[in-house]
Amino acid sequence: MTLTVRAPAKINLHLGVGAVRPDGFHPLATVYQAVGLYDDVTVADAPEWTVSVRGADHVALPEVPHDSSNIAIRAGLALAAHHGLRRTARIEIYKGIPVAGGLAGGSADAAATLVALDRLWSLHTPDEDLLAIAGSLGSDVPFALLGGSATGHGHGEIVAPLADGGAWWWVVVGSSAGLSTPAVYRHFDQLGGAVEEPEIPSALVTALRTGDVELLAASLGNDLQAPALDLRPDLRRTFADGLAAGALATLLSGSGPTVLLLCRNGDHAREVAGGMVERGHDRCWPAPAPVAGAHPIRY
Ligand code: ATP
């Protein structure tokens, strides 16, 4: 028997980063949204843990590990350990989410693996336990389980669903070169001036609840955008091209280098994506949001 679970990419509509603590931890106050770019994870019982990775043309597959450092295997091991099981599985990942783009593709794979193995092995793990296991794997994994729109605190792993009355459309603009998350945080620390306790702007919460796209455009924010743009000044052109192509607002996704363009609706998103391709950005995907978290699509 095989079972396939689909999990979405995440974006941060607001990423508030607090001053680094003595243990090296940055407190976060973020608003997550799940967008319509997906990885599919298929699992089946097998005599040992293995992982294989295939994917869409735009995905840098060689960057994804095929050994036990793959976060999908770590997720499987954590679930088995939680239940005191010695079971093992074959994990096949089909990646549609660009790798190392600030879209949490690895976290999506971990969340999908947890849901898939929970079903395959009929474990009925309580949601609370699944979220706790997810949080132990990575800060963005609990949100990949939840999907929709949500707040994130702590390292981002403490999630709570947020009312979202919108049917939003984004153009996700990928980058050919990567950007190291630790390097962006290091530069954030060097720039200084971070607050102790970051907060989520109330205007953003209102924009989501009421589905007000103009208010959303005015209330997006990412504290990592300035340090990321210092490290990758070429991204400024992507932002300028996005506005010239008609986007309502631009935003860096997480620690980048992916850039997000807010659009009015699906037609507008396809038009903006076309404008970006004309301007030389060939990695553009119109994507709806919010979409569901990790969910089975094939039994
Ligand atoms: P982060 O902000 O956590 O660095 P990201 O969204 O920018 O995440 P991911 O696509 O999650 O980027 O990949 C980050 C790194 O994690 C990759 O460079 C890769 O080496 C490693 N990795 C481990 N497992 C996976 C996986 N299943 N899919 C993608 N990358 C993985």
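The structure is a predicted model, in which local features need a pLDDT of at least 70 and side-chain atom pairs count only at pLDDT 80 or more, while totals for chains, interfaces and linings use all residues. Residues are numbered from 1 along each chain as its sequence is written, and side-chain values use heavy atoms, with hydrogens and water left out.

## Domains

The protein chain is divided into domain 1 (2-163) and domain 2 (168-289), with bounds that come from an automatic or database domain assignment. Their C-alpha centres lie 22 Å apart, and 34 residues of domain 1 are in contact with 36 residues of domain 2, where contact means heavy atoms within 4.5 Å.

## The ligand site

There are 19 residues around the ligand, and those that come nearest are Ala100, Gly102, Ala104, Gly106 and Asp109; a residue counts as near if one of its heavy atoms lies within 4 Å of the molecule.

| Protein atom | Ligand atom | Distance |
|---|---|---|
| asparagine 70, polar side-chain atom | nitrogen | 3.0 Å |
| leucine 103, polar backbone atom | oxygen | 3.2 Å |
| aspartate 109, polar side-chain atom | nitrogen | 2.8 Å |

Taken alone the ligand exposes 610 Å², and the protein buries 72% of that; such areas come from the Shrake-Rupley method with a 1.4 Å probe, and for residues only the protein chains shown count as cover.

Alanine 104, one of the nearest residues, lies in the loop between strand 4 (89-95) and helix 2 (105-120). Helices (H or I, at least four residues) and strands (E, at least two) are DSSP runs, numbered from the N terminus. The phi of alanine 104 is near 60°, a positive value in a residue other than glycine. Alanine 104 counts as buried because its relative accessibility is 16%, buried meaning under 20% relative accessible area, exposed over 50%, and partly exposed in between (1.4 Å probe, protein chains only).

## Helix 10 and its surroundings

Helix 10 (residues 266-278) has 13 residues and reaches 18 Å from its first C-alpha to its last, close to the 18 Å expected, the expected span being 1.5 Å times one less than the number of residues. At the N-terminal end, asparagine 265 caps the helix, with a side-chain oxygen 3.2 Å from the backbone nitrogen of aspartate 267. Helix 10 is followed by glycine 280, whose phi is positive, near 95°.

The buried residues of helix 10 include His268, Val272 and Met276, and what covers the buried residues includes strand 7 (168-173), helix 9 (235-244), strand 10 (259-263) and strand 11 (284-289). In helix 9 lies aspartate 241, which is buried, with a relative accessible area of 13%. Leaving aside neighbours within four places in sequence, aspartate 241 is in contact with Met276, Arg279 and His281, and a polar contact of 2.7 Å joins the side chains of aspartate 241 and histidine 281.

## Cis peptide bonds

A cis peptide bond, with omega about 5°, joins glycine 256 and proline 257, and proline 257 is found in the loop between strand 9 (249-252) and strand 10. The bond from alanine 289 to proline 290 is also cis, with omega near -5°.

Notes. Polar contact = N/O pair within 3.5 Å; in protein donor to acceptor, adjacent residues only side chain to side chain.
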